[in-house]
Amino acid sequence: MIKLLVSDELSKEGLDMLRKGGAVEVDAKPNIPHDELVKIIGDYDALVIRSGTKVTEDVIEAGKKLKVVGRAGVGVDNVDVNAATKKGILVMNTPAANIISAAEHTMAMMLSLARNVVPANVSLKAGEWKRSKFTGIELNGKTLGIIGIGRVGGEVAKRSKSFGMKLIGYDPYISPEVAVKLGVRLMSLEEVVEQADIITIHAALTPGTFHLINKDLISKMKPTAMILNVARGELIDSQALYDTLKEKKIAGAAIDVFEQEPPTGSPLLTLDNIVVTPHLGASTKEAQEKVSVEMAEAVMSFLVDHKIKNAINAPVRGMDPKVLPFISVAERLGAFAVQLVDAPVSKINVTVYGDLASVDTKMITVSALMGVLSNLSTESPNIINASYIAKEKGIQVMESKVEDSKRYVNMISVSIESENCKREVRGTAFPESEPRLLGIDDFDLDIPLEGDFLLSAHADVPGIIGRVGAILGDKGINIARMGLGRKDKGGNALLLISVDTPVSLDLIKEMNQVKDFKEVRTIKLSGLDSREYLQF
Ligand SMILES: NC(=O)c1ccc[n+]([C@@H]2O[C@H](COP(=O)([O-])OP(=O)(O)OC[C@H]3O[C@@H](n4cnc5c(N)ncnc54)[C@H](O)[C@@H]3O)[C@@H](O)[C@H]2O)c1
Ligand SMILES: O=C(O)[C@H](O)COP(=O)(O)O
């Protein structure tokens, strides 16, 4: 039975969905201490989390059976994605399910800050009636600086525009067209910080965005300006923010997220010009239902049907459907090619020809690599860790694209180099048919790319096929199909026989001694035939 652990609070709807059908045994242990998680994670195939659980390297190492980490939410900065990738563990999230809630919370924080809602509430409840003390500012006509104009930043832009705000922003990765559509004038980070009346941060936390808003930038803010952070605590240098607020060098801040959560003992909590909430951006009934249901669906369909959705560390995002039938072709070609070389592989070149040359073919390269590594590695390569394992083994991976595919609409070539040789195999997928092998080195063939083979390179002399047939017949090995290729009459020839039972290595050794045979090999693809292919 597949076992799944939920280690943060997940709404009932998601939990019910995970438990529906009984295919998966679900344990919910919200807020489990880290040490306890490390102790028990070895029993589980899947882990579902929110931002509370830290999926650090020790969790990944201890997760011997772990296949997937599902983040019910956006940020995966609490997951060591590199460590998961090395181990072939899929990491997925729900990229859009809570963004409206995060944007609405940003607006709530902005309005609350602008109109002193929180201190006025405290004052009135303490028996005071001080109206002028809490005079605020209008958002109308103010300049909002949005740093990080992705999903949440974009939603904040739309809402702020309807409040009559002028929008400026910084995001090194969005296109000018998207910014124009949102009505945001793009400028440098420094200019945004200097010109904005209110700054709101919505970048993802990455090594490159840690303390993006540092002491130097904070010192450039207008003395009347306010800053909001509903993204991640680590995006702002909180010591610099504290010093600035303490000295009243800016008007205020509204903070939902902290460098350390919970922010126990943080000096920020002692200031009266800051509004804080305990990471509530996604804490609405609607968002929690959506993230939990979406994550439950995605994790179940991965565990049960081998379908991947919203992957963080698999090369499937935006994959063209055209690529799909070629995934198993590439894997089989890789597995075939590597069995043609005897020395350690130093280089793999995957070339796509024809129609495929116009689309993203990263999945084809990774699949070919998986085929190669399935014969070289004990580490169970999959689409997630194949590139990492290849790098570890010092194998150089190259990809090329050629628009002209000669005779075929599409073709893939996998060539493998080792110290003393270079071998190449070519193949394709015809519509509604099994993968086909179209050639080996200089020889053209056409034979289904499945099962086990006997390959013979020999002199093009009469009687070879008969001799091979007799040897195999003698051992009770049935020939299923046969492909024959030669370049010049009387020169070199190649025979590829698809056999019903594998040919033993002893027989291969024996045949290599026979006159006229230059290279006899057995090639095994039968392990791949029974493999469950991932769908997207
Ligand atoms: N407080 C909450 O509960 C809550 C809820 C949802 C999301 N979040 C957080 O909000 C943030 C935004 O989420 P999203 O869904 O919009 O993510 P997103 O990936 O859609 O957008 C992030 C944007 O940041 C931009 N970016 C990357 N590097 C940058 C840099 N150096 N400077 C400026 N911009 C940069 C990216 O180009 C992208 O447009 C994330 O940090 C996410 O974890 C928090
Ligand atoms: O990145 C996110 O999705 C938010 O920070 C929400 O985090 P949460 O799931 O812990 O509320």
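Leu455 stands opposite Arg521 in strand S22, where strands are DSSP runs of E with at least two residues and helices are DSSP runs of H or I with at least four, both numbered from the N terminus. The model is predicted: local features need pLDDT of at least 70, side-chain atom pairs count only at pLDDT 80 or more, and totals for chains, interfaces and linings use all residues. Residues are numbered from 1 along each chain as its sequence is written, and chains are lettered from A and ligands numbered from 1 in the order in which they are written.

**Strand S19 and its partners**

S19 pairs with two strands listed below, both in the antiparallel sense. Two strands pair if DSSP finds at least two bridges between them. Towards S21, Ala459 has Asn492 as its bridge partner.

| Partner of S19 | Residues | Bridges |
|---|---|---|
| S21 | 492-499 | 8 bridges |
| S22 | 517-524 | 7 bridges |

An unreviewed UniProt entry lists residues 453-525 as "domain: ACT"; such annotations may be inferred rather than shown by experiment, and their positions are given in the numbering used here, with feature names shortened. Over residues 453-525 the chain is 27% helix and 42% strand, and the end C-alpha atoms lie 8 Å apart.

**The ligand shells**

A residue is near a molecule if its C-beta atom, placed from the backbone, lies within 6 Å of it. Of the 32 residues around ligand 1, Gly75, Gly148, Gly150, Tyr173 and Gly281 come nearest. Helix H5 (99-114) and helix H7 (151-162) each supply at least two residues of this shell, and H7 gives the largest share, 3 residues.

Ligand 2 has around it Arg50, Ser51, Gly73, Val74, Gly75, Asn98, His279, Gly281, Ala282 and Ser283. The shell of ligand 2 divides into 2 nonpolar, 7 polar and 1 charged, while that of ligand 1 has 18 nonpolar, 10 polar and 4 charged residues. Here Ala, Val, Leu, Ile, Met, Phe, Trp, Tyr, Cys and Pro count as nonpolar, Asp, Glu, Lys and Arg as charged, and the others, Gly among them, as polar.

**Met295**

Met295 lies in helix H12 (residues 285-305). Met295 is buried because 28 other C-beta atoms are within 10 Å. Not counting residues up to four places away in sequence, Met295 touches Gly14, Val48, Gly70, Ala72 and Thr94, contact being C-beta atoms, placed from the backbone, within 7 Å.

How values were computed: A residue is buried if 20 or more other C-beta atoms lie within 10 Å of its own, exposed if 12 or fewer, and partly exposed in between; C-beta atoms are placed from the backbone. Two residues are in contact if their C-beta atoms, placed from the backbone, lie within 7 Å.
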